[in-house]
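Welcome to this short tour!

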Amino acid sequence: MSVRNSVPDFSRLSVLVVGDLIADHYLRGEPRRLSREAPVMVLRHVGESLGAGGAANVARNLRALGAQVQVLGVIGRDASGREVKRLLDEDAVDATGIATVAGYTTPTKMRILAAEARRSLQQVLRIDREPSEPAPQDVREQLAEKMRRIGHEVDAVLVSDYEYGVVGHEVAAAASDLARAGKIVVLDPRRSLDGFHGLTAITPNVEELGRFSHTLASDLDNLAILRRAAHEIRERARARHVLVTRGNLGMALFGIDLPEEGLAVDASGTDEITDVSGAGDTAAAVFTLSLAAGLAAEDAMVLANAASGVVVMESGAAVCSASDLRAALESAPRPALLASRSQA
C-alpha cells in the first residue's frame, strides 16, 4: 500500500519496549565573556530541564503516535531515575515493569547548550554519568522473564540497546524466542548482535553497522560496501530486514522480498537540522509501529524517515505526533533502488 498522506491508526496497537533508560539533562546558557581563569567561554545560566532518553524516548515516541506502551528497564534510586519514571507516567506509559536497583546509577547525559538571545541553541559540551557496572544478573533475568510473558500479549516488541548492560544475553534469548513464536521483534542495536536470531528487523545507524561488520563507517558511503555489510549482518542474525539510518543521506533497507540491491530513501525535511539527538529512537519506534500496523517494510521506512525529519528540527530528544507525521508525509521522499554505482 502507498502511505502518501496516509498514517495508520496506531491507537489500536500495543508495544513492549525493553532497554536502557536514560535521563537527558539539558543546561541552557548565554555566552557572556572569556574566563580570566582559563581560555573558555563563561555562560550565564538561563535554565535547565530533564527529559527521557534511550528506551524511555522510544516509549514516548510510540505514545505520541497513540500506541499503548509498556516499558521494561532499570533505574537507580536517584533523582534522575525518579524523574524518568515520572515523565513516563506523565505520558501514560506503563512503567510498572521498571526495576529500581540500589547501587545502580541511572545513566544521565548532561548537555550544555548555548546561544545568544533569540538564536538557536547549540550543544557545546556533553557530560555523561554512567553506571559503574550493569544491573545485577538476577534483575536482568527477571526482566527477560517479564519480556517473554508480556511479549506474547502485545503487537510488537522493540529492544533499545544503549550499551549500559540491560540488553545482554538474557534479553537476546527472550527476543529470539518471541520472534520464533511469530512476534514482531525489532532491535535497535548498539553493543552487539550476539544471541539475537530470527528477528523481524535490526535498525543500526552507519557507525553501528560498521562496528558489527568490521567496516570503517566512512567506507559505508560506498554503496557496494554498505550493501555487503547490511546483508552480512542480516544473514548472521537471520533477521528479515535491516534498516540502516544514514543521517543526512537518509535510510537504506535490505531484506526479505526486496531487491538484492536494497532500497533507499533520501533524508526527509530540510537541511537546517537543529538537533539529531533521539532521531534513531524515533526511526526505530515508527518503523516498528508501522510493521505492527501491517505495512510493508518499504512503507514503514518511508514513515520512519518522515518522522525522523520532524524530530531533528527540535532541540533535544523530541517526539513526532500523528498530525506531524501526516504533514511530513506530504513532501516525504519516495524510496528507490539503492544506486548500483558506488559513491565516493
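**Stop 1: helix α2.** One thing to know as we start: this is a predicted model. Which residues of α2 are buried? Select Ser80, Gly81, Val84, Leu87 and Leu88, and you have the buried ones. Look down the helix axis: these residues span an arc of only 125°, which puts them on the same side of α2. Now colour Ala79, Arg82 and Glu90, which are exposed on the other side of α2. Next, select the whole of α2, residues 79-90. This helix has 12 residues and reaches 16 Å from its first C-alpha to its last, close to the 16 Å expected at 1.5 Å a residue. After α2 comes alanine 92, with a positive phi near 65°.

**Stop 2: α1 and α7.** Show residues 55-64 for helix α1 and residues 279-292 for helix α7. Their axes come within 9 Å and cross at roughly 50°, so α1 and α7 are oblique to each other. The crossing of α1 past α7 is right-handed. To see where they touch, display Asn57, Val58, Asn61 and Leu62 in α1, which meet Asp281, Thr282, Ala285 and Leu289 in α7.

**Stop 3: α8 and α9.** Move on to helix α8 (residues 297-311) and helix α9 (residues 322-329), which pack at an angle of about 105° with their axes 9 Å apart. That angle makes α8 roughly perpendicular to α9. On the α8 side, the contact is made by Val302, Leu303, Ala306, Ala307 and Val310; on the α9 side, look for Asp324, Leu325, Ala328 and Leu329.

Stay with α9 and select Ala322, Leu325, Ala328 and Leu329, which are buried. They cover an arc of only 125° around the axis, and are therefore on the same side of α9.

**Stop 4: two loop residues.** Here is some background for this stop: most residues other than glycine have a negative phi. Select arginine 118, in the loop between β6 (108-114) and β7 (122-129). Arginine 118 is not a glycine, yet its phi is positive, about 65°. Is arginine 118 buried or exposed? With a relative accessible area of 84%, arginine 118 is exposed.

Finally, jump to aspartate 257, in the loop between β12 (251-255) and β13 (263-265). Aspartate 257 has a positive phi of about 60° although it is not a glycine, and it is exposed, with a relative accessible area of 73%.

Key. Residues are numbered from 1 along each chain as its sequence is written. This is a predicted model: local features need pLDDT of at least 70, side-chain atom pairs count only at pLDDT 80 or more; totals for chains, interfaces and linings use all residues. Side-chain values use heavy atoms; hydrogens and water are left out. Helices (H or I, at least four residues) and strands (E, at least two) are DSSP runs, numbered from the N terminus. The expected span of a helix is 1.5 Å times one less than its number of residues. Buried means under 20% relative accessible area, exposed over 50%, partly exposed in between (1.4 Å probe, protein chains only). The arc is that of the directions from the helix axis to the C-beta atoms. Axes are lines fitted to C-alpha atoms, for helices over the stretch in contact, and angles run from 0 to 180 degrees between N-to-C directions. Angles under 35 degrees count as roughly parallel, over 145 as roughly antiparallel, 65 to 115 as roughly perpendicular and the rest as oblique. A crossing is left-handed if the near helix is turned anticlockwise from the far one by less than a right angle, and right-handed if clockwise. Contact means heavy atoms within 4.5 Å.
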